[in-house]
Structure formats: C-alpha cells, structure tokens
There are 2 protein chains.
Amino acid sequence: MATYQRIVLANRPRGPVTPENFRLETVEVPELADGQLLVRNHYLSLDPYMRGRMSAAKSYAAPQALDETMIGGTVGEVVASRNPKYAVGDFVAGMFGWSEMGVSDGALLRKLDTTRIPPSAYLGPVGMPGMTAWYGLNQILQAKAGETVVVSAASGAVGGVLGQLAKLRGCRAVGIAGGREKCDYVVDELGFDACVDYKAGKLDEDLAAATPVGVDAIFENVGGAVFDAALARTNAFARVALCGLIAGYGGEELPIKNARLLLLNRITLRGFIVTEHPELWPQGLGELAGLVAGGKIKYRETIADGLAAAPEAFMGLLKGKNFGKQLVRLI
Amino acid sequence: MATYQRIVLANRPRGPVTPENFRLETVEVPELADGQLLVRNHYLSLDPYMRGRMSAAKSYAAPQALDETMIGGTVGEVVASRNPKYAVGDFVAGMFGWSEMGVSDGALLRKLDTTRIPPSAYLGPVGMPGMTAWYGLNQILQAKAGETVVVSAASGAVGGVLGQLAKLRGCRAVGIAGGREKCDYVVDELGFDACVDYKAGKLDEDLAAATPVGVDAIFENVGGAVFDAALARTNAFARVALCGLIAGYGGEELPIKNARLLLLNRITLRGFIVTEHPELWPQGLGELAGLVAGGKIKYRETIADGLAAAPEAFMGLLKGKNFGKQLVRLI
C-alpha cells in the first residue's frame, strides 16, 4: 500500500511554539472516488496566521483541531484523477496543509499557469501573501502618488509586495525589517526608498529620518513598539491597515501606546483578513500575476527541505529567521 | 467708558488644570466700526477639547495663545449693530470665548431661532456636541437597527445625544458613566437600554451583562480602561468612532491594551474632529433642531453662574463633576 507523510497538531503551545506541538505521521494514500483527484504537493506555505490557529483562544477562525493535519496552502501536481476537469500533470494551488499529498473533489483548487510563473510563486506574490498586500494597499490605505507608506516586516512575503505596489503607485515606500541584510535587500533588490533596521536600537530616530515629511499610510504586520514608532510619525488623516501582530504571537501583551495619535491625527485604522474578500481575488491575482511575470514585482524565498523540516522552519518564521517567503519543498 | 470681563490663559497647566492657569481681566467695550456688531453673551460653553488647546503639545489645532481670551462657543444677544444683516435683539451663536461680550463682522455667527428652542440648547444638542454625536453615528458608526452601540461619558452633552439618536435608529444603546445617579438618568430620562457605572469597580463584568450579544459600535469619549472594556465586547466588523480621550487630559498614558482585538474582530476605527466637516452641519443641525423641538432628544445642563465661576466649572468638567452639558451663565 502506498503511503505519504503529514504533520498534525499534537498539542497547543503554551508560550513559544516547540517541536513537541507537532507529530509526523505516515498515512495510506486513499482510493479515489468518482470525481476526486490526488495531488502530490511540491511546496507547502508557512505563514504567521498558523500560529493563531494553533491556539484555542477566540479568533476570527476556528482553532486548528488537534490530531488533524496542520492547515496550510500548497501547490502541487495532479498525479491521479477521476475528475474530468483535472488531468494528470496539471498544477494546482490548494489548502492541503502540512502534507505530502492530498485528495480533493476539485472545488477549492485553483489551476495554475506554470509557463510564465514558477509554481512556488503562487504561494507568495501571486497567492495569499500577495493578495494581502494588494487588498491592504488598494482597499484600505488608498495611498496616492507622493504619499509616504510605511510597512513593517518589509522583507517578508506580504511586506515586500506591499512596498513594490506602493512604488508602482508613485509613493515613497519605507520598510521596517530586522537586520542590515534584510534592509539592504528591501532597498537594493525590491526598490524601497528606505528601510529601517529595528534591531539597530534607535527605531524612532531612524524612522523619523526615513520619513522626513511624515507618514500617510501604515501597513502593519508586527505590532508593539514597531507600530508605535510608525504611529508617532503619522500625518493628519493617515490610514492604517492592520494585517498582523506577529510580535504578539507568543502571547505577549501588545498595547498601542500612541493611542492618543489616533484621535489627534484623525487616523482611520482597519483590521482585515484577506480571505474574507474572495470577490476581489480574481482581479488582484490577475494584476499580481502580470506584475510578477513581467518582472515588476520581485520576491525571495527561504526553502526548507522535506516535510519533517516544517516545524523548525515555522518556529524560525515566527522569530523572523526566514528571508522572504518561507516555503517547505516536499519533492 | 463701558467695560466687560473676559478670562485669558495666563499660563499652561503642568498636569491638572489649576485656577492659576487663568486670569480674569476687565477690558473696554470698543467702538463699532462699520459692518460690525456687538454681542452680549448669555451662555458660555465649557467643553473637554479646551483642555487640549491649553497645552503647547502638537495637536490638530493650534494651541490657545497665552494672554488671549480662552477659546469657547457662546450664545448671546446683539446689543448694538452697524451690520445690516443683524439687528439689536437677534440671538446668535459664535465663538466669542470666555468673555461677557464680543465684537464680530458677522461672518462666523449663526442666527438662532429661540422661539422653539432655548438659546442654551444651541451650545448642546443643537450645537457642536449634538453635531459630534450626529456625525459619529451617521458617518462613522453607521449603526443599524438591532445592533448594540456603546457610548462612554453617556450622561454628557455628546454621549447623551449619541445614545438617543441610536435608539431612534432601533439600536440597543448602552452607556458608560460615573456614578449611580448619572446612570439612572441615562436610562430613566434619556431612554438608554442600560448604563454601566464605571466607578462601581467591576466594569468588565457589568458591561458584559449589559451587552449580552456583544458590541457592534463604540462611540469613545474617554479612553483607557473604559475603552478597553468596550473593545473586549466587540463583535466581528465592529466600528469605533474615536471622539475624545478625556481620561488622558491630565497627561496620563492611555494605551489601548486590547489592540489585538482590532485585528481579530476586523474593527474599523476612526478618529474625527467634527469641525472639519462643516459641509454636514446644516443637515445635522436641522435634524437635531427638529428632534429637540419635538421632545425626541432630551438633555440636561449644569450651569455655573458668572464668568468668574468658569475656571472651577471647567476643572469640574474634566473630573466628570458636571451632569450633562456644562454651561456658564453670563447675564
């Protein structure tokens, strides 16, 4: 009998995620029923939102169930099909989770064009991270040419796209990232106007220097001191897209100390979850695909090899050890 | 030579406002130039925003100048006029400040109909406080019938109107106020569905009981622990109108501890200053005038007598000692 491997949530983290929260299992490849297809996943996406799902605390989505395959986006190749819409060899994006294979009736899959865009990009700039940036910039920040846009976790899968989209609009794009190497990449490779290293110990001062005429829009991935530093630079009528609070995934308190500025600068802040706006995905992914295929949006990947490497790669992601989009290669 | 009295800002407060921050002066009534009119003020409005103006710190408006008449809204009667648009005996609303009289060219005055509505109401429900509530509810909260709206400082000039407007829309209106007497008034007189006494020592618990199906909209006047308690009860896609942060007028830090909920509940928060939206005042004030004249909106006033009583009344306002709209009677 053919088998494949998957990783399930063994128990919920108390504080930081540990390897013991996960369990690698070997399971049998099931027989396909009529209408089903079997996918061999080539890449698994690791994303900060998974940390939230591992907790039982109230959130916007139900918690990840114990002893079930960890949630996650995947791209892979159809290796068997009893569904007339999918042929063996088709590439598809899906949510098969931390698993080498997956069975589907095809309903929630997206067929991919891999002639212009490599498969892994559909988990990055032409997938959920790219859509997150596209939605935040277009629907919430609505940044205009000449405005200054600040994005935290700027070298990450979301932040990198956000800044490049802002540049294409004629904005000044200022990133915040951890470490000199990431900041250099954000400026030299992605084309941001500036990037502030929050690990350098003078975040407020450096951000002020990088935003000489203040900040009109903030795309916030991190929270805590990083967010407060950006708020401190806001101009009147600034907008904030609140996308993530990765600084608090370990359970730390994340107060907004500069709350007063929300009033003084008449700021509009919106928290959002991009998967709640599926009606905009076709438009957004279409635009992103064109920009990636045309070389207008660049991206970087950190790739861990083999499913067993996923937990460690995920823990690294939560600590900012990855550089660009964190993936796990499964073939 | 005829004289009148005014109060100027003598120096800026360090921490709480004290009587020494103000100085009462006697000045001469000037000769009217052509086109000018002279107003004897009947009422001075005291409002929390004045505290912000007394500081030199960056804010949305320039600081109150030292040795100049304290800013403030007034209603009064024209007692001399060389302006063809105003006759002696006309009632007008203006911004003559903490002063018994004022001279104007008429440009920024609003002529009042005092046959249906008493003059003082134009400083309350049919003035800036009423417009603040109207704007917040209609333009930001957009509360629908059946939704739960929470408003802090609920017995105040803004909060009281907000809750009554929400009730007229078919919402559940829940107030937060300080003390049993204020809470009883909010429920018994203004018709809110419930009011939580934040001084009773179990704000979170009491607010949870008063909002059994959560909170869809928050009109925030206070900040700090009161705001965090309301945030803790939010439903998905809640809206927040950030109108004031009276808890922090003494310079206290006012962190938003429940920042995480802004993301988890996909909240939209907007800080606003109602005077920046003059295009909506005619519509808003027209609606409010009709509701007040028709008895659909009730209000309460705390009236201090004589200009010299203004500083103490203002300090009381910042501590919540007033009950409803704080006014100073000048005649």
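1. A polar contact here is a pair of N or O atoms within 3.5 Å, one able to donate a hydrogen and the other to accept it. By that rule, 6 residue pairs are in polar contact across the interface of chain B and chain A, both residues of each pair at pLDDT 80 or more. Keep in mind that this is a predicted model.

2. How are the two chains related? Chain B can be laid on chain A by a turn of 180 degrees, with a shift of 0.0 Å along the axis. The same surface serves both copies: 100% of the contact residues of chain B recur in chain A.

3. Next, the extent of the interface. Chain B puts 32 residues into the contact, and chain A puts in 32 residues. Between them the chains bury about 2,600 Å². Carbon and sulfur atoms account for 59% of that area. On the chain B side, B:Arg260, B:Leu263 and B:Arg266 lose the most area to chain A. Together they make up 24% of what that side buries.

4. Charged pairs also cross the interface. The count between chain B and chain A is 2 salt bridges. In a salt bridge, the side chain of B:Arg266 meets that of A:Glu276 at 2.3 Å, N to O.

5. Which elements of chain B supply the side that touches chain A? Strand E12 (234-242), helix H7 (259-264) and strand E13 (268-271) each supply at least two residues. H7(B) gives the most, with 5 residues. By class, this side of chain B has 16 nonpolar, 8 polar and 8 charged residues.

6. Strand pairing links the chains too. Strand E13 (residues 268-271) of chain A is joined to E13(B) by 3 bridges. The two strands run antiparallel. Within this pairing, A:Thr268 stands opposite B:Arg270.

Conventions. Residues numbered from 1 in each chain as written. Chains lettered and ligands numbered in written order. Predicted model: local features only at pLDDT ≥ 70, side-chain atom pairs only at ≥ 80, totals over all residues. Heavy atoms only, no water. Least-squares fit on C-alpha atoms with pLDDT ≥ 70 in both. Contact = heavy atoms within 4.5 Å. Buried area = accessible area lost by both parts, 1.4 Å probe. Salt bridge = Lys/Arg side-chain N within 4 Å of Asp/Glu carboxyl O. Polar contact = N/O pair within 3.5 Å; in protein donor to acceptor, adjacent residues only side chain to side chain. Helix = DSSP H or I, 4+ residues; strand = E, 2+ residues; numbered from the N terminus. Nonpolar A, V, L, I, M, F, W, Y, C, P; charged D, E, K, R; others polar. Pairing = 2+ DSSP bridges.
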